[in-house]
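User: I would like to go through the assignments in this model one by one. For each, give the value, the rule and the conclusion.

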Amino acid sequence: MSMTRLRSTLPFPADPQRTVCFSGYRIGKMPGVTEGCDPDEVQRVVRKRCMWIVERLCERGYDTFVSGMATGFDL
């Protein structure tokens, strides 16, 4: 998505230079997830890693995080 389009679609003012968009897989379709994996454990690991990434991005000045709200990672 272009920065111009991003700016026009958000319901609040956001600086495109400090905005990060996230998207991802459904838990069952994530690369490396195999039959018999505990989906709750996979979700815990993904959440922990995402929190670490968001904290590092905040330290670098990013302050707006956007998700498509699709089923899976986005939610």
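User: What makes S1 and S2 a pair, and in which sense do they run?
Analyst: S1 and S2 are joined by 4 bridges in the parallel sense. One of the bridges links threonine 19 to threonine 64 in S2. The model is predicted, so local features need pLDDT of at least 70 and side-chain atom pairs count only at pLDDT 80 or more, while totals for chains, interfaces and linings use all residues. Residues are numbered from 1 along each chain as its sequence is written, and side-chain values use heavy atoms, with hydrogens and water left out.

User: How many helices and strands does the protein chain have, and how are they defined?
Analyst: The protein chain has 2 helices and 2 strands. Helices (H or I, at least four residues) and strands (E, at least two) are DSSP runs, numbered from the N terminus. Read from the N terminus, the order is α-β-α-β. Strand S2 covers residues 64–67.

User: Why is threonine 64 called buried?
Analyst: Its relative accessibility is 9%. Buried means under 20% relative accessible area, exposed over 50%, and partly exposed in between (1.4 Å probe, protein chains only). Threonine 64 therefore counts as buried. Its bridge partner, threonine 19, has 10% and is therefore buried too. In S2, Thr64 and Val66 form the covered face, and Phe65 and Ser67 the uncovered one.

User: Which residues is threonine 64 in contact with, leaving aside neighbours within four places in sequence?
Analyst: They are Phe12, Ala14, Arg18, Thr19 and Val20. Contact means heavy atoms within 4.5 Å. For the protein chain, among contacts with a separation of 6 or more, 61% are between residues 24 or more positions apart.

User: What makes the approach of threonine 64 and aspartate 63 a polar contact?
Analyst: Their side chains come to 3.1 Å. A polar contact is a pair of N or O atoms within 3.5 Å; within protein, one must be able to donate a hydrogen and the other to accept it, and residues adjacent in sequence count only if both atoms are side-chain atoms. Here the contact runs from side chain to side chain at 3.1 Å, so the pair qualifies.

User: How do you know that aspartate 63 and arginine 18 form a salt bridge?
Analyst: The N to O distance between their side chains is 2.2 Å. A salt bridge is a side-chain nitrogen of Lys or Arg within 4 Å of a carboxyl oxygen of Asp or Glu, so the pair is counted. The two residues are 45 apart in the chain, with aspartate 63 in the loop between H2 and S2 and arginine 18 in the loop between helix H1 (3–9) and S1. Both sit in the middle class of accessibility: aspartate 63 is partly exposed at 42%, and arginine 18 is partly exposed at 37%.

User: How many salt bridges does this rule give, and which others can you name?
Analyst: The count comes to 4. Among them is glutamate 41 with arginine 44, at 2.9 Å, N to O. These two are 3 residues apart in helix H2, so about one helical turn separates them. Another joins arginine 56 and glutamate 55 at 3.7 Å. Glu55, Arg56 and Glu59 are linked in a network of salt bridges. Arginine 56 is partly exposed at 25%, as is glutamate 55 at 40%.

User: Why is serine 23 called exposed?
Analyst: Serine 23 has 59% relative accessibility, and therefore counts as exposed. Serine 23 is placed in the loop between strand S1 (19–22) and helix H2 (39–59).

Key
Two strands pair if DSSP finds at least two bridges between them.
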